[in-house]
Amino acid sequence: MLSSLRTLWYTFLHLFQRNVTVQYPEQMPYLAPRYRGRIVLTRDPDGEERCVSCNLCAVACPADCISLQKTETEGRWHPEFFRINFSRCIFCGFCEEACPTYAIQLTPDFEMSEYIRQNLVYEKEHLLISGTGKYPEYNFYRVSGLAVPGKDKGEAEHERPPIDIRSLLP
Amino acid sequence: MSHSHAIVAGLLNAVLGLAFLMITAALLTWVERRLLGFFQDRPGPNRVGPFGVLQVAADGIKLLFKQDWIPPFADAGVFVLAPAISMITVMLAMAVIPATPLIGIIGDLNVGLLFFLAMSGLGVYSAVLAGWASNNKYSLLGGMRAAAQMVSYEVFMGLSLVGVVMLAGSFNLTDIVRSQRHMWYVVPQFLGFIVFFLGGIAETHRLPFDLPEGESELGAGFHTEYSGIKFGMFFVGEYIGIMLISAMTTVLFLGGWYGPVLPPFMWFGIKTGLLICFFILLRAALPRPRYDQLMAFGWKLLLPLTLLNILVTGALMLGLPGPA
């Protein structure tokens, strides 16, 4: 009986406490910078696509929602198409973790509802953004040993010139 | 000529009272949801109209336009009758309540208190018939619980008022309020007040005594099978029931319209409103007791207490000289 009265009193006191509700459409909730929302494909600082279509994201994806096809121009690999089916995506972020070039990234945005399910399939043109995302400095082709137009072997950052294997000199 | 004038005035009074009751009951659904929200640190419905008041209209429209379905296995006649009884009985009982000596439909009825008890007794039929006519095991269980709970709490509710009637010497609700001019009956009849209010909660089958509905165990108990406006009628009946019990408690124990400074009808409104808010607080705070606990609480605690209350009141009235 006494505990009932105490419960009544404590419940009554809640009348004078602040509401915890966030009035969503008018008032946006705070999303952490590393919030796992809509997936984007980023570009390197030179404005080229970062994705090298290695397929690791598609392999890592537990929901099998990523599909892509590799193509190649002048030694650089990039996807011919890159498709994410957001009606299957579970926003686990495994693709971001698997990506060796920081190309695929999850962003703090969740407002992507659609009335037509088909519209949830995003193509490369929808995914690709013009910026670098969370890693503004990183450029895969500038740190890898691969020769691309404008950068030969041995010219990458922290890379020594290649050894002449036909010479006896040290 | 003047006779027909009186009839027209009476009818107008009744119709206006009815409309006021319906509107207030509808608004109460909104008040309850907002208050429950505040008790749970959230705003409650606040989207439709200013502060969400028009939520009431939205709900009404929704209930009106929902499919009104009578299950093929139900006893159709009784099934339709039950929600009507629920609303009619509480509305009739509301008629005898004097908000002030002037505002009220038949506040001066010389058997007002008995009429109220009779109507709340008839109200049991709505739950029982609804449970029976639905022809569904959960509904039947709900109806059975309603019968047992409401019939037993009816007893204590009636007995708890005997003290008030003894003190006031009248069944006329206006006279009962008038006799509280110097002291509200909540002071000499504190036990009666508590028992009447508990009985009232059980009578309107509101939480924590909502065993006939028991969402977690019986679906919705006696009104599981009801949809559309028939469900709405149970709903409105329940909310008018809350108002009825609050208004009755005000009239019988809290001095009705008496109070300083403010005009009488405002005092009546304030007291009734606070009691209604207390009903909602009870809903927010307390869990539902088990069925046997409810019955044991009633018969083993409340019944002896009310009998004791009657005995002591009677003894004191005999023993003490002077006005009592």
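Residues are numbered from 1 along each chain as its sequence is written, and chains are lettered from A in the order in which they are written. Because the model is predicted, local features need pLDDT of at least 70 and side-chain atom pairs count only at pLDDT 80 or more, while totals for chains, interfaces and linings use all residues.

The largest nonpolar core has 83 residues. Such a core is a set of buried Ala, Val, Leu, Ile, Met, Phe, Trp, Tyr and Cys residues joined through C-beta atoms within 7 Å; a residue is buried if 20 or more other C-beta atoms lie within 10 Å of its own, exposed if 12 or fewer, and partly exposed in between. Helix H10 (residues 228-253) of chain B provides the largest share of this core, 15 residues. A second, separate core of 19 residues includes A:Ile39 and A:Phe82.

Two residues other than glycine have a positive phi: B:Asp41, near 60 degrees, and B:His205, about 35 degrees. B:Asp41 lies in the loop between H1 and helix H2 (55-65) of chain B, and it counts as partly exposed because it has 13 C-beta neighbours inside 10 Å. B:His205 is found between helix H8 (190-203) and helix H9 (215-218) of chain B; with 25 other C-beta atoms within 10 Å, B:His205 is buried.

Note on methods:
Helices (H or I, at least four residues) and strands (E, at least two) are DSSP runs, numbered from the N terminus.
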